[in-house]
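Open the model in your viewer and keep the sequence beside it. The stops below say what to select and what is there.

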Amino acid sequence: MPIKSMLLAVNSNFLVFSVSSDDMMGQSFASLVPTVAAAESTIGLAIFVITFRVRGTIAVESINSIQG
């Protein structure tokens, strides 16, 4: 959740400064932010799937045993 908040803040900064300076570069960077957010979600899902394949379960008790 904090990463998404930071991405949204950066996105709004890109858009505001792009409009104020009449430059399209900020708007083009702002279009890349959803791509980064999608990649973040994909990595989380991959961790979930790998944990399920290795452990055979997604029970919280067994995941806590991963900590060292």
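## Stop 1: Serine 18

Select serine 18, whose place is in helix α1; helices (H or I, at least four residues) and strands (E, at least two) are DSSP runs, numbered from the N terminus. This is a predicted model, in which local features need pLDDT of at least 70 and side-chain atom pairs count only at pLDDT 80 or more, while totals for chains, interfaces and linings use all residues. Residues are numbered from 1 along each chain as its sequence is written, and side-chain values use heavy atoms, with hydrogens and water left out.

Serine 18 counts as buried because its relative accessible area is 3%. The term buried means under 20% relative accessible area, exposed means over 50%, and partly exposed is in between (1.4 Å probe, protein chains only).

## Stop 2: Aspartate 22

Select aspartate 22, in the loop between α1 and α2. Is aspartate 22 buried or exposed? Aspartate 22 is exposed, because its relative accessible area is 74%.

Check its backbone too: phi of aspartate 22 is near 55°, a positive value in a residue other than glycine. For comparison, most residues other than glycine have a negative phi.

## Stop 3: The aromatic pair

How many aromatic pairs does the structure hold? The structure holds one. Select phenylalanine 14 and phenylalanine 29: they form this pair, which is stacked, at 5.6 Å centre to centre and with 25° between the planes. Phenylalanine 14 sits in helix α1 and phenylalanine 29 in helix α2, 15 residues apart, and the pair links distant parts of the chain. Rings of Phe, Tyr and Trp (its six-membered ring) pair if their centres lie within 6.5 Å; planes under 30 degrees apart count as stacked, over 60 as edge-to-face and the rest as tilted.

Phenylalanine 14 is partly exposed, with a relative accessible area of 31%. Phenylalanine 29 is also partly exposed, at 39%.

The C-alpha atoms of alanine 30 and phenylalanine 14 are separated by 6.0 Å, although the residues are 16 apart along the chain. Alanine 30 is buried, because its relative accessible area is 8%.

## Stop 4: The nonpolar patch

Select Val10, Phe14, Met25, Phe29 and Leu32 and show the surface: they make a nonpolar patch of about 430 Å². The elements that give two or more residues to the patch are α1 (2-20) and α2 (25-30). Patches are made of residues with over 30% relative accessible area and no salt bridge; like charges are joined within 9 Å, nonpolar side chains (Val, Leu, Ile, Met, Phe, Trp, Tyr) within 5 Å. A salt bridge is a side-chain nitrogen of Lys or Arg within 4 Å of a carboxyl oxygen of Asp or Glu.

Leucine 32 lies in the loop between α2 and α3 (33-55). Leucine 32 counts as partly exposed because its relative accessibility is 46%.

## Stop 5: The whole chain

Clear the selection and view the chain. There are four helices and zero strands. Buried residues make up 13% of the 68 residues.

Finally, colour by pLDDT, the predictor's confidence in each residue, from 0 to 100. The chain has a mean pLDDT of 82, and 87% of its residues reach 70 or more. Confidence is lowest in helix α4 (residues 60-64), at a mean of 66, and highest in α3, at 86.

Conventions:
Areas by Shrake-Rupley, 256 points an atom, 1.4 Å probe, with all protein chains shown as cover.
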